[in-house]
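Student: Could we work through this model together, with the sequence and the coordinates open beside us?

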Amino acid sequence: AFQPVLNYLGQQKTIQEVFQRMSTVLVTSLGSVAGDITIKTLKRLNHRVVGADIYPREYVPDALEVGAFYQAPYTMDVENYLTFIEDVCAREHVDFVFPMTDLDIDVFNANRDRLAKTGATFCMSPKSALDTIRNKKTLAEFINERCPQIKTITTLSLTECQGGTPFGYPVIVKPYDGRSSIGLYRIYNEYDWAAAMAAIEEPERYIVQPFVEGPIVMSEIVRNPESGKTVVVVREELLETSNFCAITVRMYHDEDLEARSRELAEALDIRGSVNFEWILDAEGTYHFVECNPRFSAGAEFTVMSGYELIDNHLRCFQGRDIEDYTYRHQMIIARKYEEYITKIFED
């Protein structure tokens, strides 16, 4: 009965492999920057894509590209959001869930037992890894202990700095579980410090770091714990938006940085795709900044450079090994924005 399907795929496959190709994947926060390449890749590989976002369908161009779309409640409304996810998984027979934002990750990570009852696989790293990653101070301490060859940025809790910054100026003050630079303060003098202290309502949620000047470098990771294989793709951000979303990047190769990235991914026991952010100082030293435990906004840069990031992330949750990556040459990749008509009203 499956022979026509096997013939259609053009090569001999086991029944299990056929079903892996034909999975239904729920992509949350569909309007995130990595949503487009995620949808395009999954559809090209014959998966059915279901999308969800807090905005109406006509507000999200990629909502027009999925097999089914649902408007979600706000992630911070945890109970309603979880009920929504459970309902969509049941209604659409979802096999895999791709959390696309840190907020999604946080909610799913804290409710693993409940979500396991959906029967869907939530494609994210283990709880122990995410608990460490999502606290920047805890992560810095973990790296200093487990991966001492990686240079971190000295990190203090804001509550330890009530008398002022011990680092001088400039400094960075940001939430320990922050995302997309929300709540981040760049402080250049005592007046900036006073203004930030007056504005911050939960100082226990904030950390303080000395400012390190230099370009942002991202190492995109895919790791399969079973095989022990870890792929690293490196890029420097040349142009970015005010909230640090890369517009133009340089893809390049740095053997030492890639080795350090593999070391950290193994120590954390990463599964699937995450990305590490670094600052490269004037002396050529990489300073670790943070880990984003999901596809980065620059995921499509990695795909364009020659590595199937989305497919290999999914492989890590299908019991399949990931593909190798062969670096070829440096390249500059730039993105542009495109307009879509998503709804027409009759006059």
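The questions below turn to helix packing, aromatic rings and cysteines in this predicted model.

Student: Which residues in H5 meet H4, and how many nonpolar residues does the contact have?

Tutor: From H4, the residues that take part are Val78, Tyr81, Leu82 and Ile85, and they meet Asp104, Val107 and Phe108 in H5. Sorted by class, the contact of H4 with H5 has one charged residue and no polar ones, and the number of nonpolar residues is six.

Student: How many aromatic pairs are there in the whole structure, and which parts does the pair of Tyr70 and Phe84 tie together?

Tutor: A search of the whole structure finds ten aromatic pairs. One of them is formed by Tyr70 and Phe84, which are edge-to-face with 6.5 Å centre to centre and 75° between the planes. Both Tyr70 and Phe84 are buried. Because Tyr70 lies in strand E3 (residues 68-71) and Phe84 in a helix, the pair ties together parts 14 residues apart in sequence, namely E3 and H4.

Student: What is the geometry of the pair formed by Phe108 and Phe122, and which residues do ring pairs link into a cluster?

Tutor: Phe108 and Phe122 have 5.0 Å centre to centre and 70° between the planes, an arrangement that is edge-to-face. This pair links distant parts of the chain, with Phe108 in helix H5 and Phe122 in strand E5 (residues 121-122), 14 residues apart. Phe108 and Phe122 are both buried. Ring pairs link a cluster whose members are Tyr70, Tyr81, Phe84, Phe108 and Phe122.

Student: How many disulfides are counted, and which cysteine sulfur is nearest to that of Cys89?

Tutor: Two cysteine sulfur atoms have to lie within 2.5 Å to count as a disulfide, and by this rule the count comes to zero. Cys89 is buried, with a relative accessible area of 3%. Cys89 is in no disulfide, and the nearest cysteine sulfur, 11 Å away, is that of Cys123.

Student: Where is the nearest cysteine sulfur to that of Cys147, and what is the relative accessible area of Cys147?

Tutor: Cys147 is in no disulfide, and the nearest cysteine sulfur, 12 Å away, is that of Cys291. Cys147 is buried, and its relative accessible area is 0%.

Conventions. Residues are numbered from 1 along each chain as its sequence is written. This is a predicted model: local features need pLDDT of at least 70, side-chain atom pairs count only at pLDDT 80 or more; totals for chains, interfaces and linings use all residues. Side-chain values use heavy atoms; hydrogens and water are left out. Contact means heavy atoms within 4.5 Å. Helices (H or I, at least four residues) and strands (E, at least two) are DSSP runs, numbered from the N terminus. Ala, Val, Leu, Ile, Met, Phe, Trp, Tyr, Cys and Pro count as nonpolar, Asp, Glu, Lys and Arg as charged, and the others, Gly among them, as polar. Buried means under 20% relative accessible area, exposed over 50%, partly exposed in between (1.4 Å probe, protein chains only). Rings of Phe, Tyr and Trp (its six-membered ring) pair if their centres lie within 6.5 Å; planes under 30 degrees apart count as stacked, over 60 as edge-to-face and the rest as tilted.
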